[in-house]
Amino acid sequence: MDKEKFEAHLNQGRNYLTHLLQNKTTVKLNVYENTISWFKVLKEELKASIEILKKEINDDRIRLRFVDRGDTEAQLFIGSDVLVFNMHTNVFQLPPNDYNSMTSYVRSNPANAFCGIIRIYNFLADSYEFNRHHDVGYLLGRIFINHENHFMMEGKGQLEFLYRDFMHQVLNEYVLKDIILRVSIHALDFDLFTPPYRTVQKATVQDLNALAHSSKLKTGKRLGFKFQTEQKIN
């Protein structure tokens with residue numbers, strides 16, 4: 001390749017790189033900033049939901065506590081459970097084979113497929129209270145939010161199908177209130193089962209000595225699961 005052709009090749013590459021930075025990267029930054037904004041709103045709604053419950057519940061033994069863990073995490077202690085709301089720091093594109101990627105909303109503007117993700121996990125409250133770092137938590141739902149506030153949700157129970165219309169759904173405070181209520185109910189209905197005997201029939205002296213601090217005997221509410229798309233975009 002002679003010098004003139006090489007310079008033309010470099011210019012073409014720089015132009016494409018500039019296009020990516022001005023378009024795709026800008027969209028991702030907008031999505032990320034928008035997701036941060038909505039996560040702040042979510043934390044306010046979590047705090048408000050606990051204050052409402054405290055007025056209704058007079059039993060001091062029942063955990064009702066909101067914990068702000070910074071820009072990307074918040075915890076809602078409710079009864080014997082804790083719901084952990086975690087905002088992913090990356091932006092993802094909806095898989096091309098996903099139904100929502102095939103709608104006119106995304107096809108007319110592929111940038112609409114880029115989303116921030118807020119994940120909701122369910123742990124036993126004791127796992128956090130007693131620093132049982134090996135205990136297992138479960139993913140209850142994921143909220144996908146794009147730069148225009150359109151959203152969809154994957155979830156368990158009613159949330160599996162209730163908020164799937166990415167093309168028409170726009171996120172607002174009332175939707176967040178509803179999601180908080182539904183995941184709280186699901187968590188409390190999702191009871192602790194006795195682990196299979198074979199999984200707990202052996203323990204070391206170290207395991208038992210550690211029970212008062214950080215147990216290595218795993219505790220979880222059920223056997224775990226992953227959403228079908230978990231491997232595709234995480």
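Trainee: How many aromatic pairs does a search of the whole structure find?

Mentor: The search finds four. Rings of Phe, Tyr and Trp (its six-membered ring) pair if their centres lie within 6.5 Å; planes under 30 degrees apart count as stacked, over 60 as edge-to-face and the rest as tilted. Keep in mind that this is a predicted model, where local features need pLDDT of at least 70, side-chain atom pairs count only at pLDDT 80 or more, and totals for chains, interfaces and linings use all residues. Residues are numbered from 1 along each chain as its sequence is written, and side-chain values use heavy atoms, with hydrogens and water left out.

Trainee: What makes F77 and Y128 an edge-to-face pair?

Mentor: Their centres are 6.4 Å apart, with 90° between the planes. F77 lies in strand β2 (residues 73-78) and Y128 in helix α3 (residues 125-129), so the pair ties together parts 51 residues apart in sequence. Helices (H or I, at least four residues) and strands (E, at least two) are DSSP runs, numbered from the N terminus.

Trainee: Why is F77 called buried?

Mentor: Buried means under 20% relative accessible area, exposed over 50%, partly exposed in between (1.4 Å probe, protein chains only). F77 has 3%, so it counts as buried, while Y128, at 29%, is partly exposed.

Trainee: And why is the pair of F123 and Y128 edge-to-face?

Mentor: Their ring centres are 5.5 Å apart and the planes stand at 80°, so that label applies. F77, F123 and Y128 form one aromatic cluster.
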